[in-house]
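Dear colleague,

Please find the structure below, followed by a short account of what was found in it.

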Amino acid sequence: GSWDVHLQPLLGFGLLVTFLARYRLGSVAISILVVAFVIQWAVLIQGFLYSFQNGKIVVGAQSMVSANLCTMAVLISTGAVLGRINPVQTLLMTLLEVTIFTLNEFILLSLMGVRDSGGSLTVHTFGAYFGLMVSRILHQPRMDGRQEEQDKGHQADGFAVAGTIYLWIFWPSFISAPTFCGTTEPWAVLNTHFSLAASTLATFVLSPILHEEGTLWMVQLQDATLASVAMMGMAGEMLVTPFGALTAGFLAGLVPLLGSRFLMPFLRSRLKIQDTCGIHNIHGLPGVLGTLLGTLLAALATADAYGDRLQVVFPEVAQGTRTATGQGLLQLCALPLTLLLATLGGCLTG
């Protein structure tokens, strides 16, 4: 599990940023730089908060899993400003984001007891809105949409193909790695696979309707894959049922296509947010929807439905210190808190 988590930022996300024709391999180089820096900085910051004992930071396999989750959030944020900030600025953004990300994660997971194993809220939503706020502050009026569109190579790119396949192979175990406990892994893996399959179908259904030329770009499949895993991040370990996972995945697959067609022009013209990789449609909105799905499932959790798994998925509910409704309310309250920290942190960083 931890090995899959480590491969994901490099192989999955590293290859996803190559669609900008002018920056192709430069983008991958920046991704590797971010991964190398975040792993070191996140282990330190998270160590001080989570595993600081007798003046020393205790490091183990879980430290690497947590650091790699943090890497994902930073790579998502970088997608909003790709091609517009230099490597030194990228490192400065990373330095600040890791600190705020860890603070947000500590408040949510440790203090509030929110369940978010695959990071719908802590990784995808936080990373997206942090990056969008940095992008808003760094708005360059001279850079118009036409130039940006020319930079995007919409051909069926080998890198895009490889990145998408890596996501399909490794993401199910990526979502289950933080909560691996013998009995819980299969649920997360199954739910994610169902979600991935449905989102891909949704893209094939909607793409010809929205685009007259009727050709399906590889980048669209990439976006659908990412949206479906963002949607399933929080709910993956819960009792979604196959039908629920397929429905959620199908909806998630529609979000990037509809968002890029109708929402992106609005963000660019009215809110002055330049979103190079479209992270709002791929990570932000699906992350928020995934959080709402997780909230609903948490509120509906019962000991009859979950059996022994309740202790693993919702320990406070199993012990009787919290009701299922209370758990659901906490999951919901975590959303505005994360958005607040992400937007304030993004403004400060920008």
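**Findings**

A search of the whole structure finds zero disulfides, a disulfide being a pair of cysteine sulfur atoms within 2.5 Å. This is a predicted model, in which local features need pLDDT of at least 70 and side-chain atom pairs count only at pLDDT 80 or more, while totals for chains, interfaces and linings use all residues. Residues are numbered from 1 along each chain as its sequence is written, and side-chain values use heavy atoms, with hydrogens and water left out.

On the surface, L201, V205, I209 and F250 form a nonpolar patch with about 390 Å² of accessible area together. Patches are made of residues with over 30% relative accessible area and no salt bridge, with like charges joined within 9 Å and nonpolar side chains (Val, Leu, Ile, Met, Phe, Trp, Tyr) within 5 Å; a salt bridge is a side-chain nitrogen of Lys or Arg within 4 Å of a carboxyl oxygen of Asp or Glu. Accessible areas come from the Shrake-Rupley method with a 1.4 Å probe, and for residues only the protein chains shown count as cover. Helix α8 (residues 185–210) supplies the largest share of the patch, three residues. V205 is found in helix α8 and is partly exposed, with a relative accessible area of 48%. Helices are DSSP runs (H or I, at least four residues), numbered from the N terminus.

S77, in helix α3 (residues 61–81), is buried at 0% relative accessible area.

Kind regards

Technical notes:
Helices (H or I, at least four residues) and strands (E, at least two) are DSSP runs, numbered from the N terminus. Buried means under 20% relative accessible area, exposed over 50%, partly exposed in between (1.4 Å probe, protein chains only).
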